[in-house]
Amino acid sequence: GSTRIVIALLQSREWLELRVVEMTPELTLLGATLAEATAMLSAHEQVLLKIHSKQSPVEELLRQADQLIASQHTRAEVYTAMAESLSLAWQDINTLLHKRKEILEYNVKYHSDAAVCLERTRALELACSGAPLPVEVSDLRDLLTRLSDVKRSMLESLMAALQDGRALLDTLRLLATEGSLDSRPGQTKASTESAISQVEHWLEDLHDRRRTLEVSWQARKTQLEQCLALALLTTDLRLLEEIYTDRLDSLGRNCAELGDSVASAELLLHEHQKLLPEAKELQEQGLKILRATEQLAATGHFAGEEAIAQAYQLLQTSTEYQDTMERRERNLHDAMAFFGNARTTLTQLGQLDKELSGASQTQLSSLQESVADACSPVLQQGYKILEDVPAAKGVKNVVDELENFKLKLSLHCSSLLEENLRVTQTLNNFLEKQNQLYSWLVNTMEAFIQGHQDMGSVLAVAKDFQQQHHRMLNELQVKGTEINALLSTVPELLIALDDEGRANVEGKAEMLHTQWTTLRQVLERRTELTALYVKFHSLIVELATHIDSVTEKLTRQPPPPQSERRQLEEEYSAVTQLFTQLGAVADNFTQDSYQTTEPYLAVERARLCVDTLRQHFADRVAGLQALWQQWEQRLDTSRLTAQRWALNMADSNRTVDWVSKLDSQLYPVLDESLTTAKSMVRDVEEKREKVLSEIRRAQAEVQLRLSTADEILAQAEPQ
């Protein structure tokens, strides 16, 4: 036939190469029609059969290669490699032929499916022609169905043809990437690209035909759908108008019936809610009709304006019906809530009526407010329902019942409030006074106790601490009188109060009394302990004064006279007594301080002060005792010296008296009774001898007295 393949064996030194010199027709040559494609496929299949029935040309080529190698003495391994290369090359040629068959098969399949698509396209064009349109809904639907079926059939065949074309394009594009049948680059690229362009043109023609037909089909379909929509809208609109008329009449007859209890209102609501799904569905249908009508008018349909007017009239009716339904449902819900709240409120009012008899002032006020709070919302709810549905008899009856019960309880509360006003005032006075007194106890007394912790370390500070606590204890006693007066009113007040009020008053009274008692005990304990502490410091001051006084007198120069000895001994005895008393007071204070459990008073510091002062004055008293002993010794020595001096002075006086009598012995010198000179001389000499003897004896006694005085004075000077 017309198919021809020319193969050449080429030598390059020791190598041989198999090359396709010519191939007719070309590998990518395609048939433009189904007949051409079919003829080319048939011819190619005959070529394949002939090739397969004959001996492979590789054997002839190998024989020629043997002669060539023998003449050139080529190595055996080179020959073997060339043989394998030639065998592979022949296989590639067979593969190429099968590739050509595959391309032709795709070509035939494409033209076959394209022919079917063309036939169905003509059928669709006929269906889209301007034939007269029916007016019946069923006829319009049948015509639309047939139109869709024809289009779907056309699209199916078009899809098959396009798939075949794409498969053919994929195969050609793969060959275009290879570009050659052998080692020569680009040998088949031009013919392959030409075939690709040819197939793309076929596919583009199919798409153009589809797009053109799509416009016609869409126009025909739109025309049919508009006519069908108008017919359907007209039918649905008439049906909805009839339904709305019936439903509105039914609602108008039952609108005023809201029941007289929760159960009856709930039953009416249940029956009403059965209509809600239908009402919602009817409304949706009306909206759908309106939207469909507007869409239809937007397309320019000849009856669009009239259809829109009818649809809006239907929508207005639907809105009126829906509003009536919602208002009816809302009224029933409100009636149910009202009846439920009214029943609860009546129950509460009955309970409040029972509670009024034993209620306190606070409870009465609360109950009166509770009556108003309980009735006001439900009455407001009832009156609101009556504003919307004045003919609702059941609601009106319940409202009247609530108003009457409210008036009854209000009058009862008012009378009880007046009765309990005095109790309330008494309670308020008690609470106010209790708060004032308790605040004073906490803010004044307790703060005073917490702020006065140091008892001081000197008498002045300790006395000030004691005076302040005495003053605060007196104030606390005064407040205790007020507290007792306030607590005396509690029993009468408790009788008129409820359990909670009694518990509150009793708790506050107990709290006030406990706080006052605790503070009084603390202050009394402090004043007792402070009294010992002040007494201790007073004894310290007095003891220090006496010690200083006695020490000053004992160390005075000259020493105190004998006349002050008794006073000095009394003062020294007072020091001893005071020190003994000081020790007893210190022991009592220390013992009592350890019994103090109050956390604020600095008793440890006070004990340390007492112990320190006690030890200090113990040392001072011990020193005074030693000084006193020295003074007594010095006093005894002085007393002995005085006695010796007095004795010496007495002896001296006696000597003086005796000496003074010597004149009487000497004078007169001459005795008048003597008459002779010799007797006178002898008498004078006798007197002289006697006087001289007495004078010498007097002189010796005077010298003895002077020596004794000097000795006494010498012994007294160091002291």
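**A guided tour of selected helices**

Begin by selecting Val 262, Ala 265, Leu 269 and His 272, the buried residues of α6 (buried means under 20% relative accessible area, exposed over 50%, and partly exposed in between, with a 1.4 Å probe and protein chains only). These four cover an arc of only 90° around the axis, and therefore lie on the same side of α6; the arc is that of the directions from the helix axis to the C-beta atoms.

This is a predicted model, in which local features need pLDDT of at least 70, side-chain atom pairs count only at pLDDT 80 or more, and totals for chains, interfaces and linings use all residues. Residues are numbered from 1 along each chain as its sequence is written, and side-chain values use heavy atoms, with hydrogens and water left out.

Next, select Ala 263 and Leu 267, which are exposed on the other side of α6. Then display the whole of helix α6 (residues 262–273): its 12 residues reach 16 Å from first C-alpha to last, close to the 16 Å expected at 1.5 Å a residue. The expected span is 1.5 Å times one less than the number of residues. Helices here are DSSP runs (H or I, at least four residues), numbered from the N terminus.

Move on to helix α11 (residues 459–487) and helix α13 (residues 499–554), whose axes come within 8 Å and cross at roughly 155°. Axes are lines fitted to C-alpha atoms, for helices over the stretch in contact, and angles run from 0 to 180 degrees between N-to-C directions. The two helices α11 and α13 are therefore roughly antiparallel to each other (angles over 145 degrees count as such). The crossing of α11 past α13 is left-handed, a term used if the near helix is turned anticlockwise from the far one by less than a right angle. Residues of this contact comprise 18 nonpolar, 10 polar and five charged. Ala, Val, Leu, Ile, Met, Phe, Trp, Tyr, Cys and Pro count as nonpolar, Asp, Glu, Lys and Arg as charged, and the others, Gly among them, as polar.

The crossing of α13 and α14 is left-handed, and the residues of their contact divide into 19 nonpolar, six polar and six charged.

Within α14, select Glu 571, which is buried at a relative accessible area of 12%.

Finally, select Glu 446 in helix α10 (residues 393–451). Glu 446 is partly exposed, at 24% relative accessible area. Leu 519 is 73 residues from Glu 446 in sequence and 7.2 Å away in space, C-alpha to C-alpha.

Methods
Parallel < 35°, antiparallel > 145°, perpendicular 65-115°, else oblique.
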